Amino acid sequence: MQNNLLKKNLNLFWDNALNLFCMSVLTGLFAGVLVTFYNILMSIGEHTAEEYYGLLLQNPAFIPLLFAGLAAGAVVIGTLVRFVPTIRGSGIPQIEGAARGVVRMKWYVTMCSMFAASLACVFMGYPAGAEGPSLELGGCCGSATGTLLKRNMMIKRLQIASGASAGLAVAFNAPITGVVFAMEEAFRSFSPQVFICATISVVTALFTRNAIRPALDYPVDYTVDFAFTGFVFNDFDALSYLYIAVGAAVTALVGVGFYYSVFALKKVFRKITFFKGAGKYMIPFVLAGAFGLITLYSIGGGHSFIEIFATNGGEKEISASVLGAGLIWSLIIIVAIRFITAVASMSCGVPCGVFIPMLAIGAGCGGVMSLLFQKAGMSAALSDYYIIICMAAFFTCVVKAPVTGIVMVFELTGSFTNFLPAILGVAVGYLVGMLFKTDAIYEKNLEGFIADEKLYKNFKKVSVVLTIRDGARAVGKAVRQIVWPPNGLVISRTANGEQTVPDGETVLGGGEIIVFECETDDEKELMQYLEYLVGKQETVSAQTE
């Protein structure tokens, strides 16, 4: 009897802990290797593009060849996106959908296509960031781990979310941001399972990254850390909070404009159908080429643009010049250029990251506001932190991930002081978004992707009556802590002969009966998923509508 109990406990330990731990380590290793090399290549591509754009400015006779190459490359990339729609845009909405179980993809097709297409964009001088594709590549690594080891859909979903966290963490060198983003944005669940799996994968991926990089030797600075070493943060006085509130509000209003511009331009791009829709990609690429000839600050993700705002606590001045304009007007021109290209990228669906380009827009708005407020009396010593807060306010307004925004401020700056100003800026950004009724942009894009690809056309509503077995994974957990099948809800619970409607805080126990209702296109997979949570069912009572 004791041996049977011991064997049962060991099996539970393997299924609930060791299995997920080993899977998450493998996901982290895979993501760490792939995303590290990807980001190095992205950095090389950005340096290469800046060099040949500089040469083109010195030899303008070759500029027509640039635009011809951009147009041809745009059609090739647009054609690839048509055949592999999961790489459309930054890839973040699609990998979020995969983590929630509503988007299905072939990991090797998506991974190879996004790797090649996004790198091609950067080598062509497109204003593309590495963070969105890094997140999707990491998610593909998680999907690969779950698929190759033949795990069920729940574990695959956990590994996709873990891999996405690892990909973002490696790109940013920001582990906490990666974990928080997975829970707040990708999975939209603060489940302990999501947290543990994501943390293990992130730590493993960063160890892998830090082991690989010292062994490489390349003549350019290929580091992709997004830590602001030149930013110094000083204490704020009472008046400074007013400057922060106003700056965050103005920056968030730019974010509102960004949000509505994206979806307005989407309608325009849908009407462009030549080359079977691939021709529309010529527009953002030609625009990017023209802007690259105006200023090199329009090339790449925006790291170099953000870095010009580092004043070391006011000890050095911000420097930028475009078309011979003064500093403030030069910054406004760069922000406008980055605004246009980021909107065009997201609207058209160019396979490149807009995570960092969005942060660059927010930083640019903060830089302009900082210079204006300094003329009104604000200390230049506050400029560095002011810019970072405005950057987080823009991100929060558009992405609707306030916890990630706050964590990002501290982790990317390496400073955990002045907590209250950061909260104020992020809160103002979030409230402005609420006031103008903006939704989370990645969530909205995911809804659009599902509608465009008609992913729900074969779905039907299923209602299943389940008995929770003693020792099952769901026993002792609140409903909100359990990673349920997508598009589903526990609509009733019967315990001790009494039927109730559970909420997120309801703790489930062995022997209880629940009714789970969801939409699915695969009833067999659904039952395997549910039995993994509540235990093997002797009889299955399912009703299909």
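Tyrosine 442 is in contact with Ser90, Ile92, Pro93, Glu96, Glu185, Met346, Val354, Phe355, Met358 and Val399, once its neighbours within four places in sequence are left aside. Tyr442 is also one of the residues with the most contacts inside the largest nonpolar core, which has 150 residues. The model is predicted.

**Nonpolar cores**
- Besides Tyr442, the residues with the most contacts inside the 150-residue core are Phe258, Phe285, Phe355, Leu359, Ile441 and Trp484.
- Phe355 from that group is in contact with tyrosine 442.

**Helices α3 and α6**
- Helix α3 spans residues 92-100 and helix α6 spans residues 153-172; their axes come within 7 Å and cross at roughly 145°.
- On the α3 side the contact is made by Ile95, Ala98, Ala99 and Arg100, and on the α6 side by Arg157, Ile160, Ala161 and Ala164.
- By class, this contact has 6 nonpolar and 2 charged residues, with no polar ones.

**Largest pocket**
- The volume of the largest pocket is about 590 Å³.
- Its lining consists of 33 residues, and those nearest the pocket centre are Arg88, Lys266, Lys280, Cys348 and Asp452.
- At least two lining residues come from each of α2 (63-83), α3, α9 (238-270), α12 (327-348) and α17 (441-452).
- Helix α17 gives the largest share of this lining, with 7 residues.
- Sorted by class, the pocket lining has 13 nonpolar, 10 polar and 10 charged residues.

**Largest cavity**
- The structure contains 1 cavity of 30 Å³ or more.
- The largest cavity holds about 130 Å³ of space.
- It is lined by 15 residues, with Gly101, Arg104, Pro486, Thr520 and Glu525 closest to the centre.
- Strand β4 (513-520) and helix α18 (523-534) each supply at least two residues of the cavity lining.
- In the cavity lining there are 7 nonpolar, 3 polar and 5 charged residues.

- Helix α3 takes part in the contact with α6 and supplies at least two residues to the lining of the largest pocket.
- Helix α17 covers residues 441-452; Ile441 and Tyr442 are among the residues with the most contacts inside the largest core, while Asp452 is one of the residues nearest the pocket centre.

Methods: Residues numbered from 1 in each chain as written. Predicted model: local features only at pLDDT ≥ 70, side-chain atom pairs only at ≥ 80, totals over all residues. Heavy atoms only, no water. Axes fitted to C-alpha atoms, helices over the stretch in contact; angles between N-to-C directions. Helix = DSSP H or I, 4+ residues; strand = E, 2+ residues; numbered from the N terminus. Contact = heavy atoms within 4.5 Å. Nonpolar A, V, L, I, M, F, W, Y, C, P; charged D, E, K, R; others polar. Core = buried A, V, L, I, M, F, W, Y, C linked by side-chain atoms within 4.5 Å. Buried < 20%, exposed > 50% of the residue type's maximum accessible area, 1.4 Å probe, protein only. 1 Å grid on protein atoms, 1.4 Å probe; cavity = no way out; pocket = protein on both sides within 12 Å on 5 of 7 lines; lining within 4 Å. Points joined across faces, edges and corners; volume = space filled by probe spheres on them.
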